[in-house]
Each structure stands twice: as structure tokens, then as C-alpha cells.
Amino acid sequence: MKSNKFLPALIYTVIILICSIPLHAQPEETKKLISLEKRRFDAMIHQDTSLLKVLLADSLIFIHSSGVVDNKTSFLKDIASGRITYQFIIPEKVTASIEGNFAWIYGRANVRFKLAVMTVAIDQYVSFTEVYHWYHNQWQMVLCQNARIEANAPYTNNTIPQVKSGSIPSIY
């Protein structure tokens with residue numbers, strides 16, 4: 001068998017080229033992440049703290065639409081104790097983006113929840129942003145930020161306000 005002295009260099013070059021290609025999430029991966037998000041919503045509704053323990057990172061920061069900030073422990077405790085119960089979470093316009101070991105999920109949701117200290121449930125329309133981290137071969141949510149919005153609020157802002165220099169006082 002004839003030896004090719006260029007074969008090792010060619011193999012090395014191909015490996016370098018393959019390793020240098022940026023990895024971008026395929027649509028299938030983002031669909032799986034959105035499905036995982038739906039499972040998290042269902043776990044919140046059904047008070048499934050066992051599943052939530054797996055889906056939420058120990059370093060979780062959960063910012064509610066009221067501005068209240070929870071960590072993983074306090075969030076799970078509130079759900080397990082019934083201090084907060086989610087009656088439904090109906091997401092819409094959910095998109096996901098994956099970059100390396102991090103993923104971002106954006107969307108809106110119609111949410112009904114009840115606090116134990118209240119006699120009536122609260123209906124809210126929220127915009128949410130979540131960050132997931134790929135850790136120990138699974139996605140875990142590390143950040144959740146919710147903002148109360150009007151149901152008919154535009155999904156994207158297509159206008160750029162024209163502001164004259166000096167017309168808005170700086171806070172700096």
C-alpha cells in the first residue's frame with residue numbers, strides 16, 4: 001500500500017476547519033427548548049416542584065411582574081406551600097435563540113395566579129425573557145424577567161423616537 005505523506009496534514013486541516021465553524025442552533029433545538037418552557041409552565045400550574053427543581057438552576061433569579069425577586073429556594077417554597085398558585089399560563093409568540101451554552105426565550109403570556117392572602121385571582125398579560133444555561137447535559141433556567149403589558153401592546157417597536165439633543169435631562 002502506497003503511503004500518502006500529505007494525508008496527515010489534510011486530516012489535520014479538515015479537523016481545524018470543522019472545529020472553527022460556529023455552531024448555531026438548528027430549528028429543532030429551539031423547538032425542544034420552547035417545549036421545555038411549556039413543561040416548566042405546566043409544572044408551575046400543577047405545583048410540580050420535583051420537575052421545577054430539575055429545570056431551575058441553583059443560581060436562579062426570578063423577577064416577577066410586580067418587581068418581587070425570588071431565588072430558586074424561595075420560588076419553590078412559594079409554589080409548594082400554595083402561597084402562590086398559577087391557574088393558567090397561556091404563552092404566545094414564543095421564540096428561542098441558542099448561542100453556545102446559553103439560550104434566550106422571549107414571549108408573552110396570559111397568566112392567572114392567586115396569592116394565598118388574596119380572595120380573588122389576578123389576570124395579567126406579561127412579556128417574559130428567560131435565560132437558560134446548558135449545564136450537566138441539560139438546560140436549566142438561570143434568569144426569568146416578567147413585565148406586565150397591555151394585551152394589545154405591539155410585539156416589536158418599529159419606530160425610533162426622534163429626540164433633540166438636550167431635550168431630555170440626563171440622569172448622569
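Which residue in the turn of the hairpin formed by β3 and β4 has a positive phi?

1. The residue is G100, whose phi is about 65°, and the hairpin that β3 and β4 form has two residues between the strands. The two strands run antiparallel and are joined by 13 bridges, with β4 covering residues 102-115. Within this pairing, T95 stands opposite Y106 in β4.

2. Please keep in mind that this is a predicted model. The mean pLDDT of the chain is 84, and 75% of the residues reach 70 or more. Over residues 16-25, however, pLDDT stays under 50, and for this stretch the model has three contacts beyond four places in sequence. Where pLDDT is low, the predicted coordinates should not be read in detail.

3. As to the overall architecture, the chain contains four helices and six strands, and from the N terminus on these elements follow the order α-α-α-β-β-α-β-β-β-β. Of the 172 residues in the chain, 29% are buried. The chain exposes about 11900 Å², of which carbon and sulfur atoms supply 60%.

4. The six strands form an open sheet with mixed pairing, and their order in the sheet is β2-β1-β6-β5-β4-β3. Strands β2 (69-70) and β3 (84-99) stand at the edges with a single partner strand each, so one side of each is left without a neighbour in the sheet.

5. Strand β1 (residues 56-63) runs parallel to β6 (residues 138-148), and four bridges join the two; here I61 has L143 of β6 as its bridge partner. By contrast, β4 and β5 pair in the antiparallel sense over twelve bridges, and they are joined by a hairpin through six residues. In this second pair, R112 stands opposite D123 in β5.

6. Helix α2 (residues 27-45) has 19 residues and spans 27 Å from its first C-alpha to its last, which is close to the 27 Å expected at 1.5 Å a residue. Its buried residues are T30, L33, L36, E37, R40, F41, A43 and M44. Seen down the axis of α2, these buried residues fall within an arc of 160°, so they line one face of the helix. On the other side of α2, P27, K31 and K32 are exposed.

7. Some backbone angles deserve a careful look, given that most residues other than glycine have a negative phi. Q47, which follows α2, has a positive phi near 55°. With a relative accessibility of 62%, H136 counts as exposed.

Note on methods:
Residues numbered from 1 in each chain as written. Predicted model: local features only at pLDDT ≥ 70, side-chain atom pairs only at ≥ 80, totals over all residues. Heavy atoms only, no water. pLDDT = per-residue confidence, 0-100. Contact = heavy atoms within 4.5 Å. Expected span 1.5 Å × (residues − 1). Buried < 20%, exposed > 50% of the residue type's maximum accessible area, 1.4 Å probe, protein only. Arc of directions from axis to C-beta. Areas by Shrake-Rupley, 256 points an atom, 1.4 Å probe, with all protein chains shown as cover. Pairing = 2+ DSSP bridges.
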